[in-house]
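Welcome! Please take a look at the structure below, and then read on for a short tour, grouped by topic.

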Amino acid sequence: MIKFIAKRLGISLVILFLGSALIYILTINSGDPLQGLRESNAPNRENLIRQRTINMRLDLPWYQRYLTWLGGASKCLVGACNLGKNAAGQDINSLVVNAAGSTLQLVFLATVLAIFIGVTLGVVSAVRQYSGFDYATTLMAFVFFSLPVFWFAVLLKHYAAIQFNNWLVDPRFSVLTILVVAAIVGFILQAAMGGPVKRRLMTFGAVAVVVAGVMFYFDAVMWFRRPAIGLPIYILGVLAVGTLILYLGAGLANKKVRNAVAATAVVSIVGYAVMRGTLLSDPSIWLLVGCGLAGVVAAFVIGFFLGGFSRKKAVIASVNLAVVSAFIALVDLLLSNWNAYITIQSRPIPTVGSQTPNLTTDFWGHVIDTLTHLLLPTITLTVVSIAGYTRYTRASMLDVLNQDYIRTARSKGISERNVITRHALRNSLIPLATIVAFDFAGLIAGAVITETVFGWQGMGNLFRTGLLAVDPNPVMGFYVVTGTAAVVMNMLADIAYAFLDPRISR
């Protein structure tokens with residue numbers, strides 16, 4: 001495996017070198033970088049032309065400029081990048097760092113959400129093949145795949161930002177709205193659950209009643225202006241998630257795993273009850289990270305010592321519960337500070353930028369401000385990516401479910417839950433490893449339209465401004481990040497293959 005990875009790295013470096021030469025040549029031949037200044041009527045036009053010529057080294061042959069850039073870029077291999085300056089004399093290194101950080105916020109969250117939602121929908125569609133849910137998921141996947149990104153982004157800005165901010169002044173639900181939403185959610189879930197008509201009707205009725213009750217409660221207390229989860233709801237959430245993880249992972253009858261999950265739930269609840277006041281009154285990023293890591297370590301130890309013969313399953317289930325519990329706690333902390341935030345920010349869902357300029361607030365206010373700015377562009381990228389993951393997962397899952405070893409497992413009396421989660425799902429994820437790798441790299445390179453619509457100063461904006469100015473250095477900075485991301489993610493895909501299918505590493 002090491003020899004294979006080293007060989008792939010060598011080939012990737014050659015590809016990066018050839019690609020950089022091609023992009024550099026195409027960029028410098030896409031226009032005249034001095035055209036705007038030549039047409040200017042400014043009295044210091046000649047000085048401006050001279051200054052830009054010096055900054056961009058236009059007095060040198062193109063190959064000499066490229067070799068100079070390549071020499072600085074090659075130092076990235078030893079951690080001392082020198083990507084030059086742009087036409088205005090700004091350091092490309094700092095521009096790339098700021099732009100990459102901004103874009104990674106979007107890409108990472110959008111990729112994680114797209115994978116989780118898309119894989120889940122794909123698995124359920126495969127299991128419920130030719131059902132109403134399968135047809136509906138297929139239809140929505142094609143709709144999402146065909147959506148023009150700029151059009152969907154503009155719709156989000158209007159309905160999810162402008163209209164929502166208007167509604168938030170007096171957040172009320174009409175009785176008709178509650179009944180319609182409850183019926184739609186109940187219909188979707190009964191289609192996903194499947195089964196005989198009686199089971200479908202019971203699922204529909206139970207879900208519709210719960211959703212309607214929750215919406216009536218939200219309406220009565222104006223929850224969208226004063227939201228909160230609180231410790232009692234947190235406890236219920238942790239117990240519900242723990243039960244679900246236990247059911248999907250090892251089954252409710254596995255005593256060792258059940259004890260480990262129960263102990264993890266107790267530790268998570270007690271730990272959050274003790275730390276909640278401190279996290280609300282004196283928060284910091286390191287305190288949050290420390291609490292999260294402590295919960296994961298505690299879950300690992302609990303699973304390791306209580307798992308017995310099912311130690312691996314116990315550790316996985318306990319750690320998963322600790323991660324989800326930490327996420328629920330974070331949501332509770334954010335919602336507990338939401339009312340204070342909208343007091344100073346009356347229209348909390350923004351349409352442009354990555355943060356509110358000159359915002360004076362506390363720690364949680366800045367966190368909420370960052371997340372609200374991430375909301376719309378993240379939804380845009382996620383929805384577009386979900387379609388691909390759903391279709392690939394469904395196709396891969398159907399292929400695996402028709403294999404002989406799946407029929408053998410069923411014939412031995414293994415429960416359908418174990419057949420799906422333990423035998424079929426893992427093998428169906430092998431083809432997705434490549435899709436995930438290239439999608440992540442593609443999102444970094446392809447967020448140009450999304451960043452433009454929402455006014456984000458990310459990698460897409462860096463590429464666009466450099467190309468419009470016929471300035472090769474910003475474009476090459478973009479290429480270094482996206483090209484490296486493609487190589488690294490492709491390498492991780494190869495490693496993921498070996499993890500998902502041990503036969504590959506032999």
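The mean positions of the 38 positive and 20 negative charges of the chain lie 12 Å apart. Here Lys and Arg count as positive and Asp and Glu as negative, while His and the chain ends are not counted; each charge is placed at NZ of Lys, CZ of Arg, CG of Asp or CD of Glu. Keep in mind that this is a predicted model, in which local features need pLDDT of at least 70 and side-chain atom pairs count only at pLDDT 80 or more, while totals for chains, interfaces and linings use all residues. Residues are numbered from 1 along each chain as its sequence is written, and side-chain values use heavy atoms, with hydrogens and water left out.

**The whole chain**

- The chain has 21 helices and 0 strands; these are DSSP runs numbered from the N terminus, with helices (H or I) of at least four residues and strands (E) of at least two.
- Along its principal axes, the C-alpha trace spans about 80 × 60 × 45 Å.
- Of the 506 residues, 39% count as buried, where buried means under 20% relative accessible area, exposed over 50%, and partly exposed in between (1.4 Å probe, protein chains only).
- The accessible surface comes to about 27,100 Å², and 70% of that belongs to carbon and sulfur atoms; such areas come from the Shrake-Rupley method with a 1.4 Å probe, and for residues only the protein chains shown count as cover.
- Among contacts (heavy atoms within 4.5 Å) between residues at least 6 apart in sequence, 73% join residues at least 24 apart.

**Nonpolar cores**

- A nonpolar core is a set of buried Ala, Val, Leu, Ile, Met, Phe, Trp, Tyr and Cys residues joined through side-chain atoms within 4.5 Å.
- In the largest such core, which has 27 residues, Y234 and V257 touch the most other members.
- The elements giving two or more residues to this core are α10 (230-249), α11 (255-281), α13 (311-336), α14 (338-344) and α15 (363-401).
- A second, separate core has 16 residues, including L83, V96, M459 and Y479.
- Not counting residues up to four places away in sequence, V257 touches L246, A250, S310, K313, A314 and A317.

**The disulfide**

- The structure holds 1 disulfide, a term for a pair of cysteine sulfur atoms within 2.5 Å.
- This disulfide joins C76 to C81, with an S to S distance of 1.8 Å.
- Why is the disulfide of C76 and C81 right-handed? The torsion about its S-S bond is about 140°, so the disulfide has that hand.
- C76 is partly exposed at 26% relative accessible area, and C81 is partly exposed at 33%.

- D134 is found in helix α6 (residues 132-146) and counts as buried because its relative accessibility is 1%.
- Leaving out residues up to four places away in sequence, D134 touches S125, R128, Q129 and R394.
- L287 sits in helix α12 (residues 285-306) and, at 24% relative accessibility, is partly exposed.
- Beyond its neighbours within four places in sequence, L287 is in contact with M275, T278, L279 and D282.
- From C-alpha to C-alpha, L287 and F152 are 38 Å apart in space, and they are 135 residues apart in sequence.
- In helix α20 (residues 459-468), M459, G460, N461, L462 and G466 are buried.
- Following α20 comes V470, whose phi is positive, near 50°.
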